Amino acid sequence: MATAVPLALLVLVALLAPGLGVAFPGCEYPAHLWCSSREIAVACQAESRCANLSRPAAAPVELSLYYESLCPACREFLVQQLFTTWLLLPTEVLNITLVPYGNAEERSISGKWQFQCQHGPEECLGNMIETCLMHEAENFSTYFPVIFCMESGSSVTKNLEAKHTDELQAQAQSSLLRLICRLYQGEKPEACGGSGSPKGLTGCRR
């Protein structure tokens with residue numbers, strides 16, 4: 001014959017049993033539904049017990065850098081801290097705004113704006129180039145690596161010029177393969193006269 005268990009004892013066990021808990025005022029749902037939605041879990045104060053509910057997305061950290069293209073401290077921070085941090089973190093964690101203006105002054109003379117930069121005319125040119133780059137590229141992931149390359153070299157404006165010359169363009173139009181093979185610093189692939197295996201052909205077949 002089964003042992004009779006007092007009703008009061010059953011109620012006490014239900015109150016203390018892990019995962020069951022006590023319904024709070026405002027909770028009009030049975031315990032098995034407490035984790036069915038975030039709203040119900042909040043109403044029943046059961047969020048800590050509902051592992052299946054993901055936390056709401058947090059807003060990214062907003063970081064604005066007002067810098068000068070030739071400022072040594074600005075360049076060091078952008079190259080050694082900001083760019084590395086941006087590479088390591090997912091986009092939803094950090095949102096960066098770059099403002100290449102910094103410690104500059106402007107004045108309107110006869111309807112035209114003139115700028116005076118702390119580190120001279122070349123810095124004004126560097127600021128303008130980076131601003132135009134951001135405006136034209138629009139996508140941060142596109143223009144930030146270019147700005148990093150500009151800021152990490154010996155000269156911001158000369159670094160940009162080394163990305164393109166008339167001679168390189170002429171060589172590319174004449175023989176792009178020969179130019180790429182010459183510029184590539186690794187082991188030359190078979191197409192360049194090296195031992196590397198060529199890519200499989202993926203052209204259209206008729």
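**Exercise 1. Is Gln 45 buried, exposed or partly exposed?**

Solution. Gln 45 has a relative accessible area of 48%. Buried means under 20%, exposed over 50%, and partly exposed in between, with a 1.4 Å probe and protein chains only. Gln 45 is therefore partly exposed. Gln 45 sits in the loop between helix H2 (38-43) and strand S1 (61-67). Helices (H or I, at least four residues) and strands (E, at least two) are DSSP runs, numbered from the N terminus. Last, check the backbone. Phi of Gln 45 is near 50°, a positive value in a residue other than glycine.

The model is predicted: local features need pLDDT of at least 70, side-chain atom pairs count only at pLDDT 80 or more, and totals for chains, interfaces and linings use all residues. Residues are numbered from 1 along each chain as its sequence is written, and side-chain values use heavy atoms, leaving out hydrogens and water.

**Exercise 2. Describe Glu 138 in the same way.**

Solution. Start with the location. Glu 138 is in the loop between helix H4 (121-137) and helix H5 (140-152). Then take phi. The value is positive, about 65°, although Glu 138 is not a glycine. Finish with the surface. Glu 138 is exposed, at a relative accessible area of 64%.

**Exercise 3. Outline the protein chain.**

Solution. Count the elements. The protein chain has eight helices and four strands. Read them in order from the N terminus: α-α-β-α-β-β-β-α-α-α-α-α. Now take the burial. Of the 206 residues in the protein chain, 24% are buried. Then the surface. The protein chain exposes about 15200 Å², and carbon and sulfur atoms supply 59% of it. Accessible areas come from the Shrake-Rupley method with a 1.4 Å probe; for residues, only the protein chains shown count as cover.

**Exercise 4. How many salt bridges does a search of the whole structure find?**

Solution. Side chains of opposite charge can pair when their charged atoms come close. A salt bridge is a side-chain nitrogen of Lys or Arg within 4 Å of a carboxyl oxygen of Asp or Glu. The search finds two.

- Arg 38 and Glu 47 form a salt bridge at 3.8 Å, N to O. Arg 38 is partly exposed at 26%. Glu 47 is also partly exposed, at 42%.
- Glu 151 and Arg 75 form a salt bridge at 3.3 Å, N to O. Glu 151 lies in helix H5 and Arg 75 in helix H3, so the pair ties together parts 76 residues apart in sequence. Glu 151 is buried at 3%. Arg 75 is buried at 13%.

**Exercise 5. How do helices H7 and H8 pack?**

Solution. Two packed helices are described by the angle between their axes and the distance between the axes. Helix H7 covers residues 166-174 and helix H8 residues 176-183. Their angle is about 125°, and their axes are 5 Å apart. Axes are lines fitted to C-alpha atoms, for helices over the stretch in contact, and angles run from 0 to 180 degrees between N-to-C directions. Angles under 35 degrees count as roughly parallel, over 145 as roughly antiparallel, 65 to 115 as roughly perpendicular and the rest as oblique. H7 and H8 are therefore oblique to each other. Contact means heavy atoms within 4.5 Å. From H7, Leu 168, Gln 171, Ala 172 and Ser 174 make the contact; from H8, Leu 176, Arg 178, Leu 179 and Arg 182 do.
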